[in-house]
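Here's a quick briefing to read alongside the model.

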Amino acid sequence: MTAWDRFAAWSRRNLPTRESMENSRLLRPIAHRVLAPELWRFTRRSVPRGVALGMFTGILIPMGQIPASAVLALPFRANVPAAALTTFFTNPLTTPFLFVLYYKVGALLLHVDSAVPGQPLGDAVGAAPSWLDWLIQDVGPATGLGMIVCAVAGAVLGYAVAALGWRAWIARKWRHRHDRHDERLGDARNHD
């Protein structure tokens, strides 16, 4: 079994079904809208939108990512299963690394680690701040900005990769169909 086959089997087991969405108490008030058939069809436009939406909600919303992506799929006409599946890239194994990435991106943009020239010596020698001050003043803003930047970049990248992947898949299907057609023509000529 190839890695792709394992991934396909895993996604079939873990993708939310229309029935599970219908039974979700969080989605019950809007279930009739989320369960609209056009949001569950796999099309060349809805799947990349779903992937982009899943990347965005997967990064910005720490809890309830699947219901959030399902609700946001409505105005964006995105594919609900693609959005829900994409949110799984943030999981307990990847989250610590992602938060480090968010902090690094935010710190780079905010210049958190750069020294301020001409800062008075009294400020530099002052008492060490508590961990809560450090969290709120240094880590929080940098991580928040990094999350926003990574969410937007992830959504754009996810959309592009999904759109290119869709095109490659369709091109492969057409090539396969064309090859089968050529084989049939060749077999028909050989029989004549």
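Predicted model: local features only at pLDDT ≥ 70, side-chain atom pairs only at ≥ 80, totals over all residues.

Let's start with F99, which is partly exposed, with a relative accessible area of 39% (buried means under 20% relative accessible area, exposed over 50%, and partly exposed in between, using a 1.4 Å probe and protein chains only). Residues are numbered from 1 along each chain as its sequence is written, and side-chain values use heavy atoms, with hydrogens and water left out.

**Aromatic pairs**
- The structure holds two aromatic pairs (rings of Phe, Tyr and Trp, the last by its six-membered ring, pair if their centres lie within 6.5 Å; planes under 30 degrees apart count as stacked, over 60 as edge-to-face and the rest as tilted).
- One is F99 with Y102, an edge-to-face pair at 5.4 Å centre to centre with 70° between the planes.
- Both F99 and Y102 sit in helix 7 (residues 95-110), three residues apart, or about one turn of the helix.
- The other pair is W166 with W169, also edge-to-face, at 5.2 Å centre to centre and 65° between the planes.
- W166 and W169 both belong to helix 9 and are three residues apart, about one turn of the helix.
- W166 counts as buried, with a relative accessible area of 17%, while W169 is partly exposed at 40%.

**Around T143**
- T143 is found in helix 9, and it counts as buried because its relative accessibility is 10%.
- Setting aside neighbours within four places in sequence, T143 is in contact with F99, Y102 and Y103 (contact means heavy atoms within 4.5 Å).

**Overall fold**
- The protein has nine helices and zero strands (these are DSSP runs, with helices being H or I of at least four residues and strands being E of at least two, numbered from the N terminus).
- Of the 192 residues in the protein, 31% are buried.
- Among contacts with a separation of 6 or more, 77% come from residues 24 or more positions apart.

**Nonpolar cores**
- The largest nonpolar core has 14 residues, and M21, W40, A70 and V80 have the most contacts inside it (a nonpolar core is a set of buried Ala, Val, Leu, Ile, Met, Phe, Trp, Tyr and Cys residues joined through side-chain atoms within 4.5 Å).
- Helix 3 (31-34), helix 5 (65-76) and helix 6 (80-86) are the elements that give two or more residues to this core.
- Apart from neighbours within four places in sequence, A70 touches M21, L27, V34 and V80.
- A second, separate core of six residues includes Y102, M147, C150 and A151.

**Largest pocket**
- Lining the largest pocket are 21 residues, with W4, F7, V47, V51 and L85 nearest its centre (on a 1 Å grid over the protein atoms alone, a pocket is an open set of points where a 1.4 Å probe fits, with protein on both sides within 12 Å along at least five of seven lines; lining residues have an atom within 4 Å of a point).
- Helix 1 (3-14), helix 4 (46-60), helix 6 and helix 9 (131-191) each give two or more residues to the lining.
- Helix 9 provides the largest share of that lining, six residues.
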